[in-house]
Amino acid sequence: MFFIVLVIALILFVYHNNSLRRVVDKEAKATLNNVSSQNVISLDNEIQSGQKLLKSLASSIEKLQEYDISYILENIDDYRDAYGFYTMGVIDKNGICYNTLGEVLDLSNKDYFEEAMDGIAGITESYMTEDNSLRLNTYTQPIYKDGKVEMVLTATYKSSDFSEYLDITSFDGKGHSIVIDTVGNPVYMSNNTTDDQSNIVNELKENDEDGFRQLEADMKELKSGYLEYKYEGEEYLAYYEPLHINEWYLITYVPKDYIYQNADIINQNVLLVDIVMYAVLVLFTGIFLLFYGRYQNKISSIVFYDELTGEENAEYLKIQFDNMPSNEKENKSLIVLDIDKFKVINLMYGTEVGDHVLKYIARIFHEELPGDPIYKDRADLFIAILKHIGRDEIISKLQRVNDRIKRDIENKKIIPFEISIGVCSLEGGEDLHRIYSNALIAKSEIKGNVNQNFKFFDEQNKNKIIENRQFEAKFQEAIKNGEFEVWYQPKYDMRNNEVCGAEALIRWKKVNGSLISPVKFIPVFENNGQIIRLDEEVIRIVCMDMKEMMSKGYDVKPVSINLSRIHLKHPGIIEKIKEMIKEYEIDPSKIIFEITESAFLDDNRVLNKTVSDLHNLGFEVDIDDYGTGTSTLSSLSASNFDTLKLDKSFIDKIGDCRMDIIIKSTIAMANQLNMKVIAEGVETKEQVDFLTDNHCFIAQGYYYSKPVNKSEYISILSQRC
Ligand code: C2E
Ligand code: MG
Ligand code: MG
């Protein structure tokens with residue numbers, strides 16, 4: 001940018017300088033033209049006055065009775081004296097000239113004599129006297145007798161005398177004028193012109209053919225013009241224009257150095273001003289660009305860089321991707337890298353360690369996969385673009401990263417953590433967002449796979465996306481058509497095998513009768529926010545079912561309803577719940593809300609507020625899926641839950657000594673915190689025994705009952721009544 005400004009300033013400068021030069025050049029030529037015109041006028045006047053004099057003398061002579069040459073000579077001598085002629089004379093019919101100097105010359109063979117005898121008055125080109133001492137010009141004027149030319153009157157002057165008329169002082173005496181005849185010989189020249197200098201035409205002929213040809217052509221057409229030529233190493237500017245006598249030309253010339261001298265002074269001053277101006281301009285532009293550049297850098301470092309890791313961010317990748325030609329997308333894949341349970345790392349070790357892990361990831365990527373750019377995305381996500389030939393190369397690259405992490409963990413260079421990676425090829429993908437989402441989908445497929453922490457996006461994922469889109473599209477209609485049903489999974493008191501409650505579990509019953517599991521659609525609706533409406537629908541159905549059961553006289557047990565963690569960001573659900581229990585006249589003690597343990601990863605203050613709002617309305621609140629996520633003891637106590645639902649993954653491990661200890665102590669801890677404990681996913685007698693032995697008495701699982709529809713649940717309730 002700065003360079004462009006510099007170039008523009010230079011171009012402007014040169015242009016400005018050239019236009020100034022053109023103006024000065026024009027000025028100089030105009031001055032030359034003026035001087036030349038004045039010379040032409042004064043020469044014309046002088047020559048014409050000489051001719052007039054001769055004409056009037058001739059007519060006085062013609063009035064004489066007899067043409068007595070000595071008488072005539074005597075009389076005209078006075079005029080010679082008065083007019084400063086060198087000599088005057090009379091040429092008789094035979095061409096013999098008698099002049100006032102007493103000379104008798106034979107001019108019978110001179111052209112001007114013959115022309116005068118033919119009645120043509122004129123003036124000769126300049127010629128040298130026989131002894132070569134003087135350069136002369138002669139006026140001729142025919143004298144008639146009886147209608148015929150009898151004699152010729154002549155007046156001769158020294159060419160040098162005429163030169164004074166060319167001496168109009170111009171250009172401090174540095175400019176001169178010469179008159180040349182039709183063949184280029186000098187006729188007159190100003191006094192201080194040397195013979196050589198006057199020989200412009202020869203000079204041109206020898207050294208400047210083009211200039212000579214131009215002059216020759218113009219002289220033929222009696223045109224004026226400018227000439228530039230060199231003489232003795234000095235450059236001259238000349239102006240030529242025709243006189244009105246003998247097709248002679250006046251050439252006025254001046255050394256270029258002189259004529260441009262003033263211009264150069266002006267130029268120098270203007271140049272100085274220009275230089276200062278442009279320098280100031282360039283300086284200011286430079287300063288502006290410097291600050292602007294810094295500002296831009298700052299902005300782009302805010303917009304395009306991650307402050308913590310110093311890596312470019314996803315925004316930057318977006319721009320790079322948009323400008324990437326499609327052939328560059330070949331053999332490249334986008335990977336999304338996620339640090340598993342990163343919030344737990346922050347919770348357990350503090351954010352400083354968390355930050356260290358993020359920086360570590362960026363660093364080892366550069367070290368292990370140099371040449372493959374990595375970008376920091378939001379939170380604990382990274383994106384990288386890997387170059388590869390075939391899938392095997394990606395796998396080996398990811399393996400390299402994995403091995404490095406494993407090694408560093410073993411060597412205690414970094415705290416233990418795991419990563420998950422989703423991979424999607426760039427090829428054929430026009431939309432980065434789509435590629436990124438595909439990689440995220442692939443990553444989400446890893447869950448639970450302990451053998452491999454990366455996954456490629458493939459057709460199966462694609463079908464899943466299509467299916468998810470269909471869920472989204474059909475949601476409203478399904479709500480309207482009542483396609484969502486609430487099923488109930490009874491909870492049992494393991495001590496007496498009595499039903500002591502149930503969990504409301506949603507099912508999507510398609511028009512064709514097929515059931516869709518919530519595992520499939522809940523994440524989709526959580527993703528797009530439709531879960532808010534769906535949970536509301538579940539609460540409404542549960543309230544309705546409960547009202548129906550109550551009206552039929554059943555011993556209605558408390559039903560727990562799952563509240564998605566998405567509500568924590570949209571707290572309007574509390575008001576809705578209030579309205580619904582009022583509308584259906586439900587005692588809050590009959591409804592329990594379950595909030596999944598993973599909600600702890602979000603904002604705990606909002607979570608606590610929601611829990612206490614629900615408590616204030618009289619509801620119990622359970623912590624669901626305990627053990628799958630990341631909840632810590634501190635958050636457990638802070639959130640004041642009523643019940644802890646031990647996740648199936650815990651229960652499944654009953655029998656493993658270490659897990660037995662953990663489960664045992666978890667139950668003990670919950671009890672000490674005055675929390676009830678429900679075991680979820682109880683499938684075996686051994687599990688029942690272990691749990692009861694360890695003071696967990698409520699179970700929900702296939703051992704007792706799978707989730708059942710409303711009527712089946714009612715019949716279970718009625719059997720127990
Ligand atoms: P969850 O709240 O943890 O529900 C327990 C899940 O475990 C249910 O699956 C249930 O059928 C299953 N289960 C219970 N005992 C056993 C057992 O012994 N063996 C096996 N294999 N599974 C057992 P389901 O109904 O498919 O629900 C899955 C998840 O979907 C629920 O997990 C909950 O997170 C979510 N969900 C279900 N209904 C709703 C709802 O109305 N609202 C929201 N927000 N989420 C819901
Ligand atoms: Mg639940
Ligand atoms: Mg659960």
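Donors are N, O and S atoms within 2.8 Å of the metal. This is a predicted model, and that cut-off picks out the residues below. In sequence, the donor residues of the magnesium ion (ligand 2) follow the spacing E-x58-N-x31-E-x29-D. They are Glu503 (OE), Asn562 (OD1), Glu594 (OE) and Asp624 (OD). Their distances from the ion run from 2.0 to 2.2 Å.

The site draws on distant parts of the chain. Glutamate 503 sits in strand β19 (residues 498–509). Glutamate 594 sits in strand β22 (residues 591–596).

Aspartate 625 belongs to strand β23 (residues 620–626), and glutamate 680 to strand β25 (residues 676–680). The pair therefore ties together parts that are 55 residues apart in sequence. Glutamate 680 has 13% relative accessibility, so it counts as buried; the limit is under 20%.

## Helices α17 and α18

Helix α17 (residues 573–583) packs with helix α18 (residues 604–617). Their axes are 11 Å apart, at an angle of about 15 degrees. The two helices are therefore roughly parallel to each other, as angles under 35 degrees count that way. The crossing of α17 and α18 is right-handed.

From α17 come Ile574, Ile577 and Lys578. From α18 come Thr610, Asp613, Leu614 and Leu617.

## The five-strand sheet

Five strands form an open sheet in the order β14-β15-β13-β16-β17. The pairing is mixed. β14 (374–376) and β17 (454–456) stand at the edges. Each has a single partner strand, so one side of each has no neighbour in the sheet. Direction ignored, neighbouring strands are turned by 20 degrees against each other on average.

Within the sheet, strand β13 (residues 332–339) pairs with strand β15 (residues 381–387) in the antiparallel sense. Seven bridges join them. One of the bridge pairs is leucine 334 with isoleucine 385 of β15. Helices also pack here. Helix α8 (residues 314–322) lies across β13, β14 and β15 and runs at about 135 degrees to β14. Helix α13 (residues 432–444) touches β13, β15, β16 (419–425) and β17. The direction of α13 makes about 135 degrees with that of β16.

## The β10–β11 hairpin

How many residues lie between β10 and β11 in their hairpin? There are two. Glutamate 232, in the turn, has a positive phi of about 45 degrees. Strand β10 (residues 225–231) and strand β11 (residues 234–242) pair in the antiparallel sense over seven bridges. Tyrosine 231 has glutamate 234 of β11 as its bridge partner.

β10 has two faces. Gly225, Leu227, Tyr229 and Tyr231 make up the covered one. Tyr226, Glu228 and Lys230 make up the uncovered one.

## Single residues to look at

Is aspartate 652 buried, exposed or partly exposed? It has 39% relative accessibility, so it counts as partly exposed. Aspartate 652 is placed in helix α20 (residues 648–652). Its C-alpha is 7.8 Å from that of valine 682, 30 residues away in sequence. Leaving aside neighbours within four places in sequence, aspartate 652 is in contact with Gly681 and Gln687.

Two loop residues have a positive phi without being glycine. Glutamate 585 has phi near 55 degrees and lies in the loop between α17 and β22. Its relative accessibility of 59% makes glutamate 585 exposed. Asparagine 674 has phi near 60 degrees and lies in the loop between α21 (657–672) and β25. Asparagine 674 is exposed too, with a relative accessible area of 71%.

Terms used: Residues are numbered from 1 along each chain as its sequence is written. Chains are lettered from A and ligands numbered from 1 in the order in which they are written. This is a predicted model: local features need pLDDT of at least 70, side-chain atom pairs count only at pLDDT 80 or more; totals for chains, interfaces and linings use all residues. Side-chain values use heavy atoms; hydrogens and water are left out. Helices (H or I, at least four residues) and strands (E, at least two) are DSSP runs, numbered from the N terminus. Buried means under 20% relative accessible area, exposed over 50%, partly exposed in between (1.4 Å probe, protein chains only). Two strands pair if DSSP finds at least two bridges between them. Donors are N, O and S atoms within 2.8 Å of the metal (3.2 Å for Na, K and Ca); water is not among the atoms, so sites may look incomplete. Axes are lines fitted to C-alpha atoms, for helices over the stretch in contact, and angles run from 0 to 180 degrees between N-to-C directions. Angles under 35 degrees count as roughly parallel, over 145 as roughly antiparallel, 65 to 115 as roughly perpendicular and the rest as oblique. A crossing is left-handed if the near helix is turned anticlockwise from the far one by less than a right angle, and right-handed if clockwise. Contact means heavy atoms within 4.5 Å.
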